[in-house]
Amino acid sequence: HLLHHSPALASREAITRVHTEGYLDAVEEDIKGDAGALRTGDTLVCRDSWRAALRAAGAAVDGVDLIMQGRAKNAFACVRPPGHHAEPGRGMGFCVFNNVAIACAHALAVHDVRRALI
C-alpha cells in the first residue's frame, strides 16, 4: 500500500534545530536575491529553490509525523534538493538543508524519541 502525501513547508523552528539562524537567513536572501548559488559553497539555486527546499525538508518532517502517528509503517521522501550534504552553516553539493538531520531532530524534539539511527 503506497500513500501519496503532499507535505507542508518545513517551519523555521524545524530547520533551525539543525541549521544556524544565520545560514537560514543567508539561504533565503541568496535565493530571493537571484544570487544563482549559495554564498556558502557550490550549491546552485534559482527563484523556486526556497519553496522547493522548504518542501523537501517538510516532506522528511511529515514522514516522521506519519510514522509516529501510526498512519504509516515507513516513509520515503522522493525530493529535490536531496538534502544530505548540507552542514549546519552551509549548503554543499545540491543540498540546501540537511533533510535527514531535520527529520531526526524533529523526532527527538516533538515525538519524545530518545535515540535515532541515521
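**Note on the helices, core and loops**

1. At a relative accessibility of 71%, Cys78 counts as exposed. The model under review is a predicted one. Cys78 sits in the loop between α3 and α4. In sequence, Cys78 and Ala56 are 22 residues apart, and their C-alpha atoms are 8.3 Å apart in space.

2. Next, the core. The largest nonpolar core has 19 residues, and those that touch the most other members are Ile15, Val27, Leu38, Trp50, Val96, Phe97 and Ile102. At least two residues of this core come from each of α1 (12-15), α2 (21-32), α3 (49-68) and α4 (99-110). The largest share, five residues, is supplied by α3. As background, nonpolar side chains in soluble globular proteins tend to be buried together.

3. Val27 belongs to helix α2. Leaving out residues up to four places away in sequence, Val27 touches Leu38, Trp50, Val96 and Phe97. Val27 and Met68 are 41 residues apart in sequence, with 30 Å between their C-alpha atoms.

4. Not counting residues up to four places away in sequence, Val96 touches His19, Tyr23, Val27, Leu38, Thr43, Val45, Ala53, Pro81, Ala86 and Gly91. Two of these partners, Val27 and Leu38, are also among the core residues that touch the most other members.

5. Ile102 lies in helix α4 and is buried, with a relative accessible area of 0%. Its contacts, not counting residues up to four places away in sequence, are Ala14, Ile15, Val18, His19, Ala57, Val61 and Phe97. Ile102 and Lys73 are 29 residues apart in sequence and 19 Å apart in space, C-alpha to C-alpha.

6. Helix α3 has 20 residues, and from its first C-alpha to its last it reaches 29 Å, close to the 28 Å expected at 1.5 Å a residue. How many residues of α3 are buried? The count is 15 of the 20, so α3 is largely enclosed by the rest of the structure. Gly70 follows α3 and has a positive phi, near 80°.

7. Helix α4 has 12 residues and spans 16 Å from first C-alpha to last, close to the 16 Å expected at 1.5 Å a residue. The buried residues in α4 are Asn99, Ile102, Ala103, Cys104, Ala105, His106 and Ala107. These buried residues pack against α1 and α3.

8. How do α3 and α4 meet? Their axes are 8 Å apart and form an angle of about 40°. The two helices are therefore oblique to each other. The crossing in which α3 passes α4 is right-handed. On the α3 side, the residues in contact are Ala53, Ala56, Ala57, Ala60, Val61, Val64 and Asp65, and they meet Asn99, Ile102, Ala103, His106 and Ala107 of α4.

9. Some backbone details deserve a check. Most residues other than glycine have a negative phi, and most peptide bonds are trans. The peptide bond from Arg80 to Pro81, however, is cis, with omega near -5°. Pro81 is in the loop between α3 and α4.

10. Asp34 is not a glycine, yet its phi is positive, about 60°. Where is Asp34? It lies in the loop between α2 and α3. Its relative accessible area is 44%, so Asp34 is partly exposed.

11. Asp112 also has a positive phi, near 55°, and is a residue other than glycine. Asp112 lies in the segment after α4. Is Asp112 buried or exposed? Asp112 counts as exposed, because its relative accessibility is 66% and the cut-off for exposed is over 50%.

Key. Residues are numbered from 1 along each chain as its sequence is written. This is a predicted model: local features need pLDDT of at least 70, side-chain atom pairs count only at pLDDT 80 or more; totals for chains, interfaces and linings use all residues. Side-chain values use heavy atoms; hydrogens and water are left out. A nonpolar core is a set of buried Ala, Val, Leu, Ile, Met, Phe, Trp, Tyr and Cys residues joined through side-chain atoms within 4.5 Å. Buried means under 20% relative accessible area, exposed over 50%, partly exposed in between (1.4 Å probe, protein chains only). Helices (H or I, at least four residues) and strands (E, at least two) are DSSP runs, numbered from the N terminus. Contact means heavy atoms within 4.5 Å. The expected span of a helix is 1.5 Å times one less than its number of residues. Axes are lines fitted to C-alpha atoms, for helices over the stretch in contact, and angles run from 0 to 180 degrees between N-to-C directions. Angles under 35 degrees count as roughly parallel, over 145 as roughly antiparallel, 65 to 115 as roughly perpendicular and the rest as oblique. A crossing is left-handed if the near helix is turned anticlockwise from the far one by less than a right angle, and right-handed if clockwise.
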